[in-house]
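Me: I would like to go through some of the labels attached to this model and see what each one rests on. Please set the value against the criterion each time.

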Number of protein chains: 2
Amino acid sequence: MARIALDAMGGDHAPAATIAGALLALQELAPEHGIQLVGRAEVVRAELEAQLAAATSAVRAQAHRLTIVDAAEVIEMTDKPSVAIRGKPQSSMAVGLRLQVDGQSDAFVSAGNTGAQMAATTYLLKLHEGLTRPAIGTLFPSARVPVVVLDSGANVDCSAAELVQFARLGAVYAEDVLGRRNPAIALLSVGEEPEKGNAAVKDAHRELAAASGLNFVGNVEGRDVPMGACDRGPFDVVVCDGFVGNVLLKFYESIPRLISVLLGKSGVSKDQLALALGGLDYAAHGGAPLLGVKGVSIICHGKSSPEAIKNGILVGLRTAESRMSDHIGQRLSSTSEGYSA
Amino acid sequence: MARIALDAMGGDHAPAATIAGALLALQELAPEHGIQLVGRAEVVRAELEAQLAAATSAVRAQAHRLTIVDAAEVIEMTDKPSVAIRGKPQSSMAVGLRLQVDGQSDAFVSAGNTGAQMAATTYLLKLHEGLTRPAIGTLFPSARVPVVVLDSGANVDCSAAELVQFARLGAVYAEDVLGRRNPAIALLSVGEEPEKGNAAVKDAHRELAAASGLNFVGNVEGRDVPMGACDRGPFDVVVCDGFVGNVLLKFYESIPRLISVLLGKSGVSKDQLALALGGLDYAAHGGAPLLGVKGVSIICHGKSSPEAIKNGILVGLRTAESRMSDHIGQRLSSTSEGYSA
């Protein structure tokens, strides 16, 4: 039995999209699981009642699995991350995460201000021993299966030791949440040879090659990421700093738009296009767990549709049920490396 | 009248592709221009004669505009960059570049070992005053017009001062070779706000915002690059360090393959696909000038087809005729910033 706390106020289309996403999720979650809608109680209740009034009886029959948890404040997309900690202690983010601290919830899911979510999660749930920063692991669609790219935006300046920690975090994520056995870990660089890369990447390569308990397959290049494989074989996790990861993530997200522009001139039908680009739709892959914290905090895209929110909730459930966070703690304590940054 | 030196031995498909590219180029270059084929004279002559024997009379009629320049040594793709300077002084790269030093050639074009070409060019042609490293400016196809991304691989660790110099180099390239007036310069980062980015990018933003003689439009994100524009308008040049630029370049090059895989499942015809992806074909955009050196050295993709070699030769001509290198020297000497790296 899992209780998933959803930030009902988070995201560009909240609360309409978040509550619609919660209703979609109830249809897919096993009946023992429930969702906690965290936000301004009167706003959430009004939106929920309006959506239920227009819903089918099947949807209405599941509504008892929803709980409304009141949170008086809302973090805006333009608020600084620190607001989540000091400025608005009664925000839906802070309240939703405190449920987990108090043992009343198993996962937190938000499409709100990412910086604020990272700050609030790190402050309230705390990091596992040996870590100084959390990392965001994002799924990139590939021609094979999706690959985890991390860090994809939490840390813009990274040391070699941090890159090594990302490898460990990504390995557990791929194993627990994606079900990959002995996941193959790749290091993103500008050439496959160990001596290629910037200073941090070259040092990280040496440390990863010597690290125990990691299936490190060496460097991969930008061209390998969309394929999910390099000449030496497939990989599951791509390690990079958060600056490169974020640039790449946003670049990738714009590819469907580029393809639409290009194919618009070639007479391809809209149906063909939708079918081809469906595999690149990040909404289908749900949210990204903030890795390294003691607990579950799932980051969804600010533009999340109800479908994307639903998938974020499913990722939250999978992350909680697989006990990923516990496994990360165990894995880190069994290795001697710590952050040196 | 321009004389373009082509590294006949450089590239995965040399000398067949390079000589075929030279013959294609002769059909497009105005009759006063000539091409110098630099390489092992007997190998080049045999290949040229074989291709001419199979060519049309129109092609054969232009063959007198080709000169063979003997170079006893060949730099392999696996050679270290330093080989170009010390190990093989009679390589086609060294000989081709020395023609320019001696005033006997106006541009050098190669699809050979990029690291070796950078080293040999920097050593033989020298850098303009105030620079410590050259940069590679690569054209990225976009939904609008191609944008220059630099550095795209010459410098994996960059200071803020170097990023500012890339902006100046890119501006002259866009103006002279691409014909853009008052080109708009963007800085690649993880958010559009000036305070977003890693340490070097944040400092570079401040310096660029204060720099004179540059049309700096601020930060752009990964999603803006394939569009050639951000919310605030279009841009011509994207400044980033060579690690990020190289990862992005290789990622981009693999997109057509990804699209083929995705569209292969959707029933799109091969003709439609070819039409749509034609705009993403880097071969159509020719080579990338090595920026910052006193002279012209055009870097072509190692996999260059005859068409790509031809386009590299055309870029070499345009770079020489526009006097881009002189303009870079003038621009740098009129600004006070120098490399601090």
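Reply: The model is predicted, and the questions below take its labels in turn.

Me: Why is A:His33 called buried?

Reply: Buried requires under 20% relative accessible area. A:His33 has 3% relative accessibility, so A:His33 counts as buried. Its place is in the loop between α1 (16-28) and β2 (34-39) of chain A. Beyond four places in sequence, A:His33 touches A:Met1, A:Ala2, A:Arg65, A:Leu317 and A:Glu321.

Me: How do you know that the span of helix α6 of chain B is close to the expected one?

Reply: Residues 160-176 form this helix of 17 residues, and the distance from the first C-alpha to the last is 25 Å, against 24 Å expected at 1.5 Å a residue. α6(B) is also mostly covered, with 16 of its 17 residues buried.

Me: What makes β8 and β9 of chain B a pair of strands?

Reply: Pairing needs at least two bridges. Strands β8 (residues 184-188) and β9 (residues 215-220) of chain B have five, in the parallel sense, so they pair. One of the bridges joins B:Leu187 to B:Asn219 in β9(B). From β8(B) the chain crosses through helix α7 (residues 199-210) to β9(B), in a right-handed β-α-β crossover.

Me: Which residues touch the most other members of the largest nonpolar core?

Reply: That core has 164 residues, and the ones in question are A:Leu150, A:Leu188, A:Val239, B:Leu150, B:Leu188 and B:Val239. Contacts of A:Val239 beyond four places in sequence include A:Leu150, A:Phe166 and A:Leu188.

How values were computed:
Residues numbered from 1 in each chain as written. Chains lettered and ligands numbered in written order. Predicted model: local features only at pLDDT ≥ 70, side-chain atom pairs only at ≥ 80, totals over all residues. Heavy atoms only, no water. Core = buried A, V, L, I, M, F, W, Y, C linked by side-chain atoms within 4.5 Å. Buried < 20%, exposed > 50% of the residue type's maximum accessible area, 1.4 Å probe, protein only. Contact = heavy atoms within 4.5 Å. Helix = DSSP H or I, 4+ residues; strand = E, 2+ residues; numbered from the N terminus. Expected span 1.5 Å × (residues − 1). Right-handed = clockwise from strand over helix to strand, strands pointing away.
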